[in-house]
Amino acid sequence: MLTFEGLDENFKFLILEVLNQLKATREFVKSPSRSLFRKITSRDDYIDNMKTVIENKSYSRINNSIDLEPKLLNKIRAIQLSSVNLERIGDHCVNIVNQMAYLEDKGYVNRYECAEAFDIIEGSTAKIADGFSSEDMPLALEICKSENRLDSLYKDNFNRIMAEMGSGKNIPDLVTCLFIFRYLERIGDSLLNIGEAIIFSILGERIKIEQFESLQQTLSVSGYDGSFSDIDFQGIWGSRSGCRIGHVQSKDKDQAPPVAQGSIYKEGNLDKIRLERTSLEQWNKRFPGMVPEIFGFHETKEENKGSMLVEFLPGCTLDTMILTSDDADLENALFTLEQTLRHVWTTTKKDAPVPTTFMDQLKSRQNGVLQVHPEFHRNARQMGDTEIISSEELIEECLTIEQSLPAPFTVFIHGDFNCNNVVYSNDDERVRFIDLHRSRDFDYIQDLSVFLVSGFRMPVFERPIRNKINAVISRMYSFTEEFAQENNDETWQARLALALARSFYTSTRFEFNYTFAKEMFNRSMFLLEKVHRYNGNWDHFILPEDILHY
């Protein structure tokens, strides 16, 4: 445990006081008395004060954490979080004794399973100190699982109380019992938070109990039979997909099986995880080794959750290379990417017209954009002799135009072709792809527009780096032009204008820098206006390339 400024002692005393509060509350529920009521309410003030002391010491130490080891810092954060939840348990105890005043028959609540609930709560609370001091993962999981046991107990007693209400008798007492069990159930939520805080102090990563269990089961499915304590888990933040993503590897990589030498754990919505698994299988069947190998897959249908372990790809994502690599390495990466795309698209090309959906994609994300930037709803107005239609009408008009501009052929696309979903390994000069749940046969312009705008929207404005980003964008634009000419695609610029408008517009929902977001919105509107006002042959439509440069 911690030794500075007595934080470990304060925390142990807080646990003891909460345990005493639980025991006193249990005794009060069994046999209420004025003296016991005063004891419980006065102890609540002491618990509040102790929580404040721990909080102040924790924040003070964290604010001066220059010389603090990460593991110790994590433990301080975990203790601070646990102290907040212990204080909350104390508050629930006071709420329970206050509810007892509404009982006409003070012993009525003991007809139900109050004693069982207190057994679970007291037993779990007594394990908290050992869980922290010994870094005992099984003990932390036991504390977490008490929440599920209390939920089950609450549900059973809720059903029983509701059934008894049907008789019309003892309604006030039954309602009061229901409230008491609700507070007992809420104590379980606090115990879950404490158990997860202990797991955080051990792993150094925030991970919920269901995610932890899913990771264990997915590792088991993958063939890993070692102890979870031998696994190092590091969360990867910043994902916009709604999935939990982490890097998993064995602490002893030399002795570990391939799955534990380095893999990515992904957990989220079951349909999305299934889609990604299917896409990975399709990619590996068509282009072996171009995407991560699947080590394990697990689904929990009751919670609509899926998880899988996939190969961790060595190398660097293209967005990082643009910002940090020298020109020679970046040149190699871009050349390899172009050759890879040409191979994939040529191999999977199917000659048949297919309608595109760029405006539908834009409309499906419109609410998200307007939630962040409500001012991006452009009203109709008149400028001199020129009539400017509303953004809503403009999108609808371009939707109609898009229906007359089918792609002449399809290829197997990535589906979410951002720069950070392309991994280049300098060691073997290979490009590989990640985050593939949207892969499908579609217009190659979809991938190119996403890639180009993902470069544009990098929030880096220093001119030398910005020039580098613009150079990458120009190069990929030229590659698109070459591929279109090689495959007799005459309308690629018109379709790219719509696709870029979609990508510029939808990207604003991730950007709180208003000036930069407004820049992307204006470019989107400019492209839609250009398409809307064009009345010539779409084969001759010209897309101004400089709209991609900032």
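**Overall composition and packing of the predicted chain**

The chain exposes about 25100 Å², of which carbon and sulfur atoms supply 48%; accessible areas come from the Shrake-Rupley method with a 1.4 Å probe, and for residues only the protein chains shown count as cover. The model is predicted, so local features need pLDDT of at least 70 and side-chain atom pairs count only at pLDDT 80 or more, while totals for chains, interfaces and linings use all residues. Residues are numbered from 1 along each chain as its sequence is written, and side-chain values use heavy atoms, with hydrogens and water left out.

Of the 550 residues in the chain, 52% are buried (under 20% relative accessible area; exposed is over 50% and partly exposed in between, with a 1.4 Å probe and protein chains only). The chain has 19 helices and twelve strands, taken as DSSP runs numbered from the N terminus (helices H or I, at least four residues; strands E, at least two). Among contacts (heavy atoms within 4.5 Å) with a separation of 6 or more, 74% link residues 24 or more positions apart.

Three strands form an open sheet in the order E6-E10-E11, with antiparallel pairing; two strands pair if DSSP finds at least two bridges between them. Strands E6 (316-317) and E11 (430-433) lie at the edges, each pairing on one side only. E6 is joined to strand E10 (residues 422-425) by two bridges. Cys-316 has Tyr-424 of E10 as its bridge partner, and Thr-317 has Val-423. Four bridges join E10 to E11, including that between Val-422 and Phe-433. E10 and E11 form a hairpin with four residues between them, and Glu-429 in the turn has a positive phi of about 50 degrees. Val-422 and Tyr-424 point one way from E10, Val-423 and Ser-425 point the other way, and all are buried.

Beyond its neighbours within four places in sequence, Tyr-444 is in contact with residues including Trp-345, Phe-409, Asp-489, Trp-492 and Arg-495.

Asp-489 and Arg-495 are also in contact with Pro-408, as are Asp-351, Ala-352 and Pro-353, with neighbours within four places in sequence left aside. Pro-408 lies in the loop between helix H15 (391-402) and strand E9 (411-413) and is partly exposed, with a relative accessible area of 30%. The C-alpha atoms of Pro-408 and Asp-489 are separated by 6.8 Å, although these residues are 81 apart along the chain.

Helix H17 (residues 463-486) has 24 residues and should span 34 Å at 1.5 Å a residue, which agrees with the 34 Å between its end C-alpha atoms; the expected span is 1.5 Å times one less than the number of residues. H17 is followed by Asn-488, whose phi is positive, near 55 degrees. The buried residues of H19, among them Phe-516, Met-520, Arg-523 and Glu-529, pack against helix H13 (358-364), strand E8 (386-388), H15, helix H16 (444-456) and H18.
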